[in-house]
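I open this notebook to record what I looked up in one structure, entry by entry. The terms are given with their cut-offs where they come up.

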Amino acid sequence: MLVIRLLTKSLTLGEMLHTTLPGLLLEEDETGRRLTMHWYANQTAHNSAQYALNLSQRSLSCSALPFPVAQRVTETSYTRLCSTKKILTVNGKFPGPEIHAHKGDTVFVNVYNKGDYNITLHWHGVKQPRNPWSDGPSYITQCPIKPGANFSYEIILSSEEGTIWWHAHSDWSRATVHGAIFVYPKPGTTYPFPKPDAEVPIVLASWFKGDVMEIIEEALATGGTPNVSDASTINGQPGDFHPCSKQGTFRALVEQGKTYLLRMVSAAMNEELFFAVAQHQLTIVGRDGSYIKPLKTDYIMITPGQTMDILLKANQPPSHYYMVARAYVSSTTVGSDETTTTAVLQYSGNYTAPSSPSFPYIPYYNDTQAVTNFTSGLRSLADKDHPIYVPKTIDTQLYITISVNTYPCENNCSGPNGLGLRASMNNISFNLPQIDILRAYYKQISGVFDTDFPKEPPYYFNFTADDLPLNLSTSDKGTKATVVEFNSTVEIVFQGTNLVAGLNHPLHLHGYSFYVVGAGFGNFNNVTDPKGYNLVDPPEVNTVGVPKNGWAAVRFRAKNPGKLATIFCRRWGVVHALSFGTTYKLGYGNCAYSEEWHHPKIKCPTETSVYASMLESAWLLQVKSSPHTRLCSTKKILTVNGQFPGPTLHVHRGDKMIIKVHNEAKYNMTLHWHGVRQARNPWSDGPEYVNQCPIRPGEKYTYRMKLSREEGTIWWHAHSGWARATVHGAIIVYPKPGSHYPFPKPHAEVPIILGEWWKKDVMKIPGEANITGGEPILSDAYTMNGQPGYLYPCSKQGTFKMKVEHGRRYLLRIINAVMDEDLFFSIAQHKMTLVGTDGSYTKPLTTDYIMITPGQTMDVLLEANQPPSLYFMAARSYSSAFGAGYDNTTTSAILRYRASYDPPPSPLFPSLPPYNKTQASTSFTNGLRSLGSKEHPAKVPLHIDTHLFFTISVNLLNCTDKSCKGPFGKRFSASMNNISFVTPSIDVLRAYYYGINGVFNRDFPSKPPKSFDYTADNLPENLLTPAFGTKVKVLEYNSRVELILQGTNVLASDNHPIHLHGYSFYVVGFGFGNFDPKKDPLRYNLVDPPEESTVGVPKNGWVAIRFRADNPGEFNSKFGHFLFILWAGFPCFEDSMCVVNALPFREASKLGNEHGVLSEKWR
C-alpha cells in the first residue's frame, strides 16, 4: 500500500467540504498557514461513511474523525464479486483519497511505497509549469519509487479549475491506485454556474478478479491482449447487477430541489464509458479542469483519463434511481468488458422505496453516432473570466499515425497469426530506457534517446482502409523525441489507422491542456478538413479520444518546457497513450512499450546528480558511511547518497527547494546551503547550535528554501565538525527559464570540486587536536572531483578526465571545498575567462590562473582552442603564513580532446604561481568586478548607518593539567575582537525566538576592546589570551552596514576566509597593514565591486565589505533588528541574521566547526 502525506500550501476553502476521509489526522504548523494531512487506514477504510471538514487559513476544526488505528500499512484485502484478494491501494482506500485545493495552490505529496512493486504517481491534468520532475511517469521523468522507498512530489496548480485526478504511472497499478483532485476557484471567486448545494465524486474504474500486475505481465510474456476486466465500478463498487455486490452498491443521498455537482473521473483501464442517471437530465459544465458552455444531455460518453463536472438537479419524485455506466466499444475484433455497473441516486424523505430503482436510457455499446452527437456539443466557456487562447497561426505541424502493430516472436505468441502485439506512432514503438529520459536530457547523457522522431508518417497509405498489406503491420523500435521551439504554436493531427485493429485511442498530453479544434472519420484531408475547424470556442482538454478509423486535430502553445528545451516522448506535445484494451497500448505517447518491456523491479543506475523540479524542487539526501579507496588504501567516509563529492542539485533562479536529510551515520549532522540568502528563513540554514540542533543519528530533517537572486554556482556542505571534508556538493542555479546567461552560451558545463583527502578518519582528527591542543594533521592529498590525480600513488587510473571537442566552449563550475587552504588553479596552455563568483556574475576576466578561497565558487569559461592533445588541469595551495604547515602536494585532472591524435606520454603541465606568491593572489583578486549591468545591477550602499571593525586573531589558551602541543606548551584558540565562542546548550536561533535567557548575550563589541598595531611583527604576550562568550551584535533592520575585517599578527598571521550566512556583500576594498579609516576609504570601489558571500582576508591585511541588513528572517522581523553571532571564535551573522561564518584556516583553533575553535568549554 502507498501512504500519502499531503501538504497543501495556501489551502483556504472557507466552506464546508463533504468527503470521505476515514482515518484522517490533521496538523497545523505554528504559522497557521500550512495544513498537513496524514491519511491512515483503519478498519472502516473502504466504507462510505461521510465526514465533514472545516478548513480555513487560521483555524481548523474537524468533526466525526475516527482516531487512526494504524499508521503503517501494506497491501489491503478487498472483497468484490464473491472473492477476496489483496490489491495495491493508497491509505487502504479504493478509490484512493481525494485531494482538495484551490486554483493556484501548491500541493506537496510524500509517497511511501510499502508495496511489492515499483511505483510512481502522475497528477493527471496538472500542467506543472516548469516542473517536469514531479510529473510522475516512470523512466520518463523519474526512476520508479522502489519498494520501501519514498519520494516527494510538488504539484503546482496554475490555470486548472474543476476536477482532475491522480493515478499510478507504473504498469497496471493504476487499476487500483488512483483518486480525484478537486480544484476549487480561488478564494473570493465563484463558479461560473449556480453554486451547487453539495458535491459528489463519481470515480469510474475497472475490477479484475485476477492480480492486475500478473495479468499485464502474462500478456507481455505471451504477446497477446490482457484479460478484460470482470466488472466496471462506481466509487469502487460493481453495483446491483454483479454477484455478491448489491449490499455494497454506492448510494448518493440527495434532497429534492437541491443541485449537486458530480465530479466524475474515468479511471477505467480500457473502455470508454457511457453514463446516465434514470429520469434525470445532466448538465455538463466542465471537462479536464476547464469550464465549458453548459451542455444539457441525457447521457455522457467519457474516455479513460478524462474528467467531467456535471450538474444534477434533484427534481424528480422522491424515489430510487439508477446511475449506470457501461462500455462504448468501437471495435468488433478486440474483447471488451460489456457488463454494466450501477449506483443508486437515493432521495431522502418518507416514501415507499421501489422494489428496483428506475433504469435510465443509455446508448448501446457500439453506438458511435451517440458518441459523436455528445462530443460535438462540447464547447469552451470562453467568457471574460475564463478566456481561451486558441492559436490561429501555426509554427509547427505534426501528423502522427496511431497503429496497432505486430512483431515476430521466437516462440509462437498469442497475437494474430502467432505474432505479438504492440503499438506505434508514426511506425515507432517505444523502447523503455534504462534511466529516465528527463535526467538523460538534462544531463546530456547520450545513447538514452534520439531526437529524430518523425513529424509525419515515414510513408503514406490509405490509413483507414479495410484491407491493408501485412508488411505495414511491423513497426520499428526506438526511444525518440521531436524538438519544438519554446513558445511556438503547435498543431498535431492524430490519425487512427486500421492496421491489425481499428480502435478509439485515448491520448493524454502531459504538462498541457490543448484545444480540440476538429475531429472526423476517415483519412485527414489537410486541404478541406481545416476549413471545418472550430477556432472560436473549441473544448480545452488534456485527454482526447481519437475515433476509430478517424482523426483528431489539437492545438496549443509550447510554453511549458519545465527544465527542458525540447519535446520528448510526452513532456511537451508528444502524447501518452493510456492503455485501452490491448497490451500494445501500455506505453507513452509517441510510442508503446515494445516486447522488451523491462521487469517492474528493474533498478535505475546510481545517480551522479540529482535534479529538481521537483523543485519546490525536492531531493532526498542520505548521509551514511561508504567505503572509498584512495592513495592505495580503503576506508569508510561520510557521504551523501554514497557519493564523494555528493550529488549536484540543479535549480533555476527563484526556485523553491525541499531537501529531506536522513542521517544514517553515527555522528550528529547538519547541512548548510552555502551562498543561499535564505530570505526570512533562517531555520533552514544549517549551522548546528546556531540555527538548529544537530540531526542525530537515525533521525531526519527537512530543509526548505527559496532562491532569490542567486544565479551561478553555489554549494552545500555539512556544518558539523569536520564532516564537511567529504559531505559536500554543488548547487547549480540556472537563469530563470526564458532568460539567458550574460555571456556566450557554453556547449556544456562541468563541475570542478576541489577537495581534500586524509588517510586517517577525518571525524577523529579535530578531537585528537583538541586533546593535544596542537594543529590538526595536514591532508594527504588534494582532490579534483574526488580524485587525487595523476601525481599521487595508486591514483593515475582514477584521475578525473574532462573530454572536450575542439572549437567548443565549456563552463567550469569551480568550488573550493577544501578545509584549510586557498588554492591556485590553472589549465595547461589554456586561458580562462572568469564570469561569476559566489552565485553572482562578474565582468569577464581573462586569466591564466585563478586563486580561490575555501568556500568560494567561480564560474569560468574555457575555450577548447588548442591543438588536440592531453592537458593537465592542476591545483595547489597558496599559503601565506610563515611557519604554518600546509599540504604542498598538487592535484590534477586531464583535459582530453576528442579527436584522432597520438597522445603524449604525459599531459602538458600548466604554469602555477609559487605557493607563497602573494602578488599573484593580489593581482587576480584585484581584477574582480561585478557585472553591474541593467539585468544584473550592483546595488552598493553609498551611505553607511553602522560601522563595524572586527579583528581576526589566532590565540593561545593555558592547558589545565598538562603541557599541550601548541606554542609555549599551550593550545590554539581563535577570536574576533578578542572573543572566543562558547557553544551553547541549545541553538541560538531557538533561544532568540522563544526568549530563553542565559543562552547568549547581546554585547558583542563593534570594535576591538583594545587598539594596537595589529600587524606588527612582535606583539605583547598579554594579547594572546582571548575572552570567552556567546555574544551577538544587534543591527537595525534595513540599515546599511560597513564591516572592516582586520587580520592581526597575534601569534601567527594568515589569509582568513570569512563567509556571511544569509547574505552576499560587496568587497569595496582591501589592503595590507592596518586599516586607515581616513585614507583607505578614499580608494574604495563603489561602482562595480565584486559581490560575494565568502571573502579571503589577506595575511596582515584587511577587507572592507558593505551590505544592507535586509534579511532578518521571520523570527525577528517584528523587532526590526539583526543578530551578529560570535561562533567558534568568529562572529557569524548567522543566516538571515547577518551571520559572519569564518571558515577554518589551518590552526588547531579551528577544530570544531567551520569557523573557529572549540574551546575547552566545548560540551
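**Entry 1: a loop proline.** I began with Pro645, which is found in the loop between β39 (633-640) and β40 (648-652); strands here are DSSP runs of E of at least two residues, helices are runs of H or I of at least four, and both are numbered from the N terminus. The peptide bond from Phe644 to Pro645 is cis, with omega near -10 degrees.

**Entry 2: ground rules.** I note that this is a predicted model, in which local features need pLDDT of at least 70 and side-chain atom pairs count only at pLDDT 80 or more, while totals for chains, interfaces and linings use all residues. Residues are numbered from 1 along each chain as its sequence is written, and side-chain values use heavy atoms, with hydrogens and water left out.

**Entry 3: the whole protein.** I find 6 helices and 70 strands in the protein. Of its 1163 residues, 65% are buried, where buried means under 20% relative accessible area, exposed over 50%, and partly exposed in between, with a 1.4 Å probe and protein chains only. The accessible surface comes to about 42,000 Å², and carbon and sulfur atoms hold 49% of that surface; the areas come from the Shrake-Rupley method with a 1.4 Å probe, and for residues only the protein chains shown count as cover.

**Entry 4: backbone exceptions.** Most residues other than glycine have a negative phi, and most peptide bonds are trans. Phe94 and Pro95 are joined by a cis peptide bond with omega of about -5 degrees, and Pro95 is found in the loop between β8 (83-87) and β9 (99-102). Gln279, which is not a glycine, has a positive phi of about 60 degrees and is placed in the loop between β19 (272-277) and β20 (282-287). Asn426, also not a glycine, has a positive phi of about 50 degrees; Asn426 lies in the loop between β27 (420-425) and β28 (428-430) and counts as buried at 0% relative accessibility.

Entry 5: I traced an open sheet of 5 strands in the order β17-β25-β24-β19-β22, with mixed pairing, two strands being paired if DSSP finds at least two bridges between them. The edge strands β17 (251-254) and β22 (300-302) each pair on one side only, and the twist averages 25 degrees from one strand to the next. Axes are lines fitted to C-alpha atoms, for helices over the stretch in contact, and angles run from 0 to 180 degrees between N-to-C directions. β19 and β22 pair in the antiparallel sense over 3 bridges, and Phe275 has Ile300 in β22 as its bridge partner. Helix α2 (residues 368-375) lies across β19, β22 and β24 (320-328), running at about 95 degrees to β22.

**Entry 6: the nonpolar cores.** A nonpolar core is a set of buried Ala, Val, Leu, Ile, Met, Phe, Trp, Tyr and Cys residues joined through side-chain atoms within 4.5 Å. The largest has 47 residues, and those with the most contacts inside it are Ile202, Phe275, Ile300, Met323, Leu345 and Phe374. β24 gives the most to this core, with 7 residues. A second, separate core of 46 residues includes Tyr782, Tyr792, Ala874 and Tyr897.

**Entry 7: another sheet.** Here 5 strands form an open sheet in the order β48-β56-β55-β50-β53, and the pairing is mixed. β48 (801-804) and β53 (849-852) stand at the edges with a single partner strand each, so one side of each is left without a neighbour in the sheet. The twist averages 20 degrees from one strand to the next. Strand β50 (residues 822-827) runs antiparallel to β53 and is joined to it by 4 bridges, with Phe824 opposite Met851 in β53. Helix α5 (residues 918-926) packs on the sheet and touches β50, β53 and β55 (870-878), its direction making about 95 degrees with that of β53; contact means heavy atoms within 4.5 Å.

**Entry 8: one side of a helix.** Which residues of helix α1 (residues 212-222) are buried? I list Val212, Met213, Ile215, Ile216, Ala219 and Leu220. They cover an arc of only 160 degrees around the axis, which puts them on the same side of α1, the arc being that of the directions from the helix axis to the C-beta atoms. The buried residues of α1 pack against β8 and β26 (396-407).
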